[in-house]
Protein chains: 2
Amino acid sequence: MYIFLSRAWVAATCCVFGAAGIRADEGMWLFNAPPLDRLQQDHAAALTAEWLLHLQQSSVRFNSGGSGAFVSADGLVITNHHVGADSLHKLGDETHNYARDGFAAATRADELKCHDLELNVLVSIADVTARVEAAVTTGMTANQAFPARRAAMAAIEQESLAATGLRSDVVTLYQGGAYHLYRSKKYTDVRLVFAPEQQLAFFGGDADNFEFPRYNLDICFFRAYEEGRPARVPHHLAWAAESVTEGELVFVSGHPGHTDRGNTVAELLSMRDRSVPFQLATLNRLEATYGAYAARGPEERRQAMGNLFGVQNGRKARQGVLAGLLDPRILAAKRQAEHGRRKGLEDRLAGRTSPYACIEQAQETLDGIALRHRMLEVGLAFNSMFFAHARTILRAVEERAKPSGDRLREYRDSNRESLELRLFSDEPLYDDFETTKLADSLTWLASTLGGDDELVKNVLAGKSPLDRAAELIAGTGLGARPARAAGSVPSDSRRALYEGGVAALAASRDTMLAVARLVDQEARSLRRIAEEAEEVKRQAHAEIMTNRFATEGTAMYPDATFSLRLAYGLVKGYGEDGPRRIAPITTYAGLFARATAKRETPPFDLPPRWRTLRDQLQADASFMATPLNFVSTADIIGGNSGSPVVNRDGRLVGVIFDGNIESLVLDVAYDDRRARAISVDATGILAALRTVYRADDLVNEVLATADGRR
Amino acid sequence: MYIFLSRAWVAATCCVFGAAGIRADEGMWLFNAPPLDRLQQDHAAALTAEWLLHLQQSSVRFNSGGSGAFVSADGLVITNHHVGADSLHKLGDETHNYARDGFAAATRADELKCHDLELNVLVSIADVTARVEAAVTTGMTANQAFPARRAAMAAIEQESLAATGLRSDVVTLYQGGAYHLYRSKKYTDVRLVFAPEQQLAFFGGDADNFEFPRYNLDICFFRAYEEGRPARVPHHLAWAAESVTEGELVFVSGHPGHTDRGNTVAELLSMRDRSVPFQLATLNRLEATYGAYAARGPEERRQAMGNLFGVQNGRKARQGVLAGLLDPRILAAKRQAEHGRRKGLEDRLAGRTSPYACIEQAQETLDGIALRHRMLEVGLAFNSMFFAHARTILRAVEERAKPSGDRLREYRDSNRESLELRLFSDEPLYDDFETTKLADSLTWLASTLGGDDELVKNVLAGKSPLDRAAELIAGTGLGARPARAAGSVPSDSRRALYEGGVAALAASRDTMLAVARLVDQEARSLRRIAEEAEEVKRQAHAEIMTNRFATEGTAMYPDATFSLRLAYGLVKGYGEDGPRRIAPITTYAGLFARATAKRETPPFDLPPRWRTLRDQLQADASFMATPLNFVSTADIIGGNSGSPVVNRDGRLVGVIFDGNIESLVLDVAYDDRRARAISVDATGILAALRTVYRADDLVNEVLATADGRR
């Protein structure tokens with residue numbers, strides 16, 4: 001699943017990549033710097049500004065970590081089931097399991113409002129590099145430069161928000177080579193319209209995840225609302241009348257989350273030997289913990305399912321990245337490319353320290369504090385939403401007293417609304433599950449930092465991790481517990497503390513707030529060290545980048561940053577060089593064949609609805625021949641999940657939901673030999689909605705503009 | 001599940017424990033030093049030598065990691081399903097899944113011969129401490145003392161084997177305080193007689209594992225053969241006519257694998273902060289790897305199931321140990337006890353280095369090499385049976401040239417037969433699964449030692465771990481692959497190399513042999529360092545122990561060593577101090593109630609046979625009231641799985657299969673407040689065999705001596 005886990009432990013460094021080695025259909029291009037020449041030259045495709053703007057403003061970012069697109073004038077959004085899953089889980093309760101069983105709103109009045117889902121639509125991009133760079137003056141140390149830069153970015157964002165009312169984010173591109181202001185329209189009233197059963201959305205489960213051929217109806221529909229009514233959106237994508245064909249050019253508009261292609265070799269080695277193995281150890285541990293909890297019974301499975309799928313997906317994705325980093329050919333190519341560039345740059349330094357050396361040093365600093373930083377500041381030691389809320393409240397109150405530009409970045413004024421949406425979410429939290437997660441992570445804290453570490457002893461307060469976790473969960477009032485739970489508390493206790501400020505915090509006896517306070521001094525100090533090292537790297541990367549623009553030209557794209565990008569490629573099979581060729585398009589006939597081949601054992605079983613209709617569907621030759629999934633060479637990565645795939649006419653032909661296992665290496669280097677993006681086919685979606693789900697209203701709505709551009 | 005993973009990464013250190021703090025029913029007592037006075041005093045139980053000998057010689061050790069007992073004169077053995085599981089898995093193939101579906105031999109001719117199962121029955125114990133200690137003379141350094149001691153032990157074993165024909169093992173007790181020669185009768189023709197479905201043997205799965213109340217029919221039956229005929233055994237246990245009652249005294253005779261109660265504080269801290277967290281990281285990783293492989297389909301699940309259950313069980317067990325070590329009360333008690341002893345001993349040292357300090361230093365040495373040692377010598381980096389066989393062949397040929405006493409201990413003459421049984425096992429190996437395991441472990445090697453480590457580079461030979469794993473598996477002929485597999489090789493290729501010796505090895509182009517050779521120099525050198533450090537600890541522990549025998553008396557038991565021990569306790573509920581009291585005995589009625597409460601969702605589903613009979617069984621009040629599982633305060637640990645539980649009359653009342661979660665801490669300290677051993681009830685077993693499985697022959701066989709001692 002190509003979801004983007006925007007967790008800080010998925011390394012937060014991203015850098016630059018140069019045009020020098022750009023291959024075929026490589027690139028996650030900026031919408032304000034699209035590869036028009038390459039498209040014209042390689043594919044005879046002439047994109048117009050209007051075409052681009054329409055695609056841009058039809059594209060939707062799911063702030064929970066994915067992409068999507070408007071597909072009707074009434075704010076209907078299509079995305080992946082697994083992108084919607086976070087909301088589906090939160091909407092469920094002991095008697096409703098929407099994530100597993102699916103959902104279909106009979107009328108618009110039946111659409112279910114999500115707890116804390118925010119959608120963004122990119123309205124405009126402006127280059128603000130000069131203003132950001134002007135804030136950092138010669139002679140500033142890193143611990144002066146970082147806050148100065150942060151303040152400049154916050155000021156730009158706040159001015160933009162005040163002037164336009166739009167969400168405004170300054171995005172760091174080329175790891176400091178450029179700063180662009182992204183203005184987005186924000187939707188926070190988002191409702192669930194339709195989702196199929198997870199068995200079909202995620203047919204083949206973890207086993208088939210990142211594999212191809214594939215047979216997943218990995219979609220669901222939401223609707224954006226404004227002022228209580230369906231949003232009338234100015235742009236939405238029309239559904240293509242025809243399926244894609246082999247060799248066809250397609251475009252992907254979405255939000256790739258993070259890539260590391262521009263990392264220096266020193267950074268890549270740190271990833272290979274340190275951060276990625278650590279991430280994998282984390283994910284393995286969480287998979288065991290969530291899996292054991294889910295095995296306790298059906299209700300526990302429902303509670304843990306979202307987390308469990310997330311870590312399984314992350315584990316497979318990071319395994320792919322590690323495999324790439326451990327492939328000597330990839331690293332050799334990286335070393336070779338860097339060697340040439342580095343020599344050219346260092347020859348002209350005239351005695352100044354090489355930016356490559358600066359990066360090496362800064363990376364050493366980061367590696368040195370990594371364990372404590374991840375435990376305390378990233379919060380791996382406190383794996384509970386109660387803790388996350390406690391820290392947000394504690395810091396929000398403290399940061400509020402400072403000017404916006406001086407605050408920790410997530411507390412800047414222009415981000416307030418998004419932060420509050422999450423903090424005041426009435427997502428239900430389950431004490432047993434939160435206790436299990438917290439006990440596990442406190443155990444991990446103690447066994448990584450050592451049981452005799454002073455902070456560990458203070459956090460555990462003389463108790464075993466399990467006893468302490470139970471005590472902390474019992475003593476916190478920061479939950480929106482399910483109403484029936486013992487000890488339930490008003491769900492607005494978070495709001496009261498948040499709004500009550502310093503006095504309310506001082507009066508509170510909340511256990512989780514106390515723990516957040518206990519670790520905050522060291523956590524903040526670790527963050528400061530990390531931010532300074534990142535600033536050193538940013539300046540060094542900026543110098544490397546300036547040099548590269550000068551020597552290699554500017555027709556480049558920056559590493560992924562969860563901002564909107566344009567990719568493109570051909571619908572194309574692969575494996576000609578291996579034991580068998582893999583055709584690019586699968587059908588519903590293939591779905592039934594695979595289920596049968598696997599004896600319909602989970603995760604290869606069909607949902608009841610599909611079993612009931614099996615004879616009818618199998619007798620329907622047209623349905624069976626309908627495409628279900630297809631692959632293309634488009635350059636994507638986690639975060640692109642749910643991205644619309646359009647044809648030359650800009651019409652929807654598919655929805656990205658995954659990459660194959662060979663594509664996971666795209667994190668560090670593009671490859672079009674075997675790496676492929678995987679989409680749900682748009683005609684396949686319509687066929688299922690019509691024939692299986694009888695979702696006629698939905699079909700009519702998306703087809704309303706199928707015969708023409710709006 | 002109370003199985004003993006005799007893998008080296010489950011720390012191989014075990015030490016001493018003193019009588020000073022022995023509580024109530026504490027103790028894993030030696031059969032040649034039973035706690036007769038305590039039993040007489042506390043429970044008015046007068047055990048005779050005859051009673052003890054009968055129980056000893058009815059007890060069976062499963063060398064795969066568990067316990068069992070003879071229950072008929074014709075060599076019928078009862079143990080746990082999960083102890084037999086290793087053999088059940090190996091006997092299965094694509095069309096037979098005995099581990100999952102169970103097995104019942106219609107006649108003796110239908111009993112299935114296991115691939116490599118060895119059973120041992122303890123015949124006699126002799127104290128050989130004086131002879132072993134005489135080999136180590138004053139002034140020897142550790143690197144002289146270790147081989148001298150090893151040679152003395154090997155000589156004793158070889159003489160005993162030659163004189164008696166019995167398997168002969170010198171067991172190190174009290175971590176060097178004593179050495180006893182254990183002579184055992186060995187059975188290597190062992191056949192599967194009966195196993196229930198795993199769903200019932202392991203009802204509740206990983207979720208209920210180590211929990212109570214419990215409802216597991218965790219049993220199976222094997223039969224020992226001699227010269228192709230059922231073995232006529234001199235001792236076997238009669239089945240008790242009545243179930244246990246609350247408060248009844250019961251005895252457990254089995255093979256607890258390993259405990260750490262006598263560890264010094266320095267050793268415990270190393271466990272807490274280093275080895276146990278490392279083991280957990282290993283188990284988490286393997287759980288993810290095996291789980292992902294199992295999810296690929298039913299056949300893959302069958303192949304991986306045994307490994308998967310093993311690591312899930314190990315993970316839960318090690319979590320329990322870690323929880324104990326992280327409980328400040330336990331460590332405080334350990335520190336306090338050590339403080340007193342240490343002071344007394346050190347006051348009399350007259351300038352010599354304290355043995356406690358020696359242990360601290362040796363532990364530091366061990367910690368320093370632990371990572372490379374585990375990777376290369378323990379072999380975590382090469383998780384494939386192909387590698388294990390390659391190393392055995394390589395080392396067996398090299399060691400053969402030396403006198404038996406000078407060899408690596410597992411290659412001593414007296415162990416040859418057991419080693420060959422495993423090496424020549426025709427257990428099928430599956431290339432896909434072996435490749436998955438090897439790729440995962442090579443990745444782990446690279447990411448823990450670093451991709452630029454010279455040895456890592458040599459092992460990977462310029463390829464990515466996945467490519468290299470595939471190449472190694474494709475290029476080895478050491479497998480007994482299933483006949484239908486492509487590239488299958490004669491299953492006796494291992495024998496040819498093993499017997500062909502140096503010349504055959506030199507001529508071989510086998511890839512896995514080449515890798516084993518590549519790492520062997522460093523692996524052996526790490527082992528040498530570890531063995532010397534262990535020798536230092538052994539001498540230090542011996543001094544501590546001598547001092548303790550002198551000051552605290554000799555009525556002690558040593559830490560568990562997978563040798564036969566006697567434990568005892570009362571059938572007793574618990575939880576009076578908590579939210580609810582837990583009654584000590586469950587019934588079949590409870591089984592059906594729990595299945596219903598969990599909506600019969602796996603792992604709480606009943607096997608088809610039980611579902612079919614449900615109405616009949618539920619109408620049978622006598623069946624429903626039959627005990628299924630019970631708990632007692634007996635002192636057990638992993639390895640006790642399958643241990644017979646007998647009453648005062650020495651008759652079988654149950655079979656140990658687990659401890660509750662509170663008992664996992666018994667690794668470091670006994671507790672009878674909430675820690676409990678869990679058994680399958682003997683009457684419950686008979687009821688199922690009669691009513692559900694209609695296994696009349698089996699019932700008649702075990703009841704043949706039910707009314708009298710043989």
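pLDDT is the predictor's confidence in each residue, from 0 to 100. The model on screen is predicted, so begin by colouring chain A by that score. Its mean pLDDT is 91, and 94% of the residues of chain A reach 70 or more.

Next, select residues 6-20 of chain A. Here the pLDDT is below 50, and the stretch has 51 contacts in the model beyond near neighbours in sequence. Then select residues 484-491 of chain A, where the pLDDT is also below 50. This second stretch has eight contacts beyond near neighbours in sequence.

Now show both chains. For the complex, the predictor gives an ipTM of 0.81 and a pTM of 0.86. Two copies of a chain are related by a rotation about an axis and a shift along it. In this model, a rotation of 180 degrees with 0.0 Å of shift along its axis places chain A on chain B, with an RMSD of 0.0 Å. That is the relation of a two-fold axis. To find where the axis runs, select Asn284(A): its C-alpha, at 2.6 Å, comes closest to the axis among the residues of chain A.

Move on to the interface. Between the chains, 36 residues of chain A are in contact with 36 residues of chain B. On the chain A side, select helices H8 (205-208), H9 (265-294), H10 (298-325), H15 (431-449) and H17 (465-474), each of which gives two or more residues. Which element gives the largest share of this side? H9(A) does, with nine residues.

Colour the chain A side by residue class: it divides into 15 nonpolar, 11 polar and 10 charged residues. Finally, compare the two sides. 100% of the interface residues of chain A are also interface residues in chain B, so the copies meet through the same surface.

Conventions:
Residues are numbered from 1 along each chain as its sequence is written. Chains are lettered from A and ligands numbered from 1 in the order in which they are written. This is a predicted model: local features need pLDDT of at least 70, side-chain atom pairs count only at pLDDT 80 or more; totals for chains, interfaces and linings use all residues. Copies are superposed by least squares on the C-alpha atoms of residues with pLDDT of at least 70 in both. Two residues are in contact if their C-beta atoms, placed from the backbone, lie within 7 Å. Helices (H or I, at least four residues) and strands (E, at least two) are DSSP runs, numbered from the N terminus. Ala, Val, Leu, Ile, Met, Phe, Trp, Tyr, Cys and Pro count as nonpolar, Asp, Glu, Lys and Arg as charged, and the others, Gly among them, as polar.
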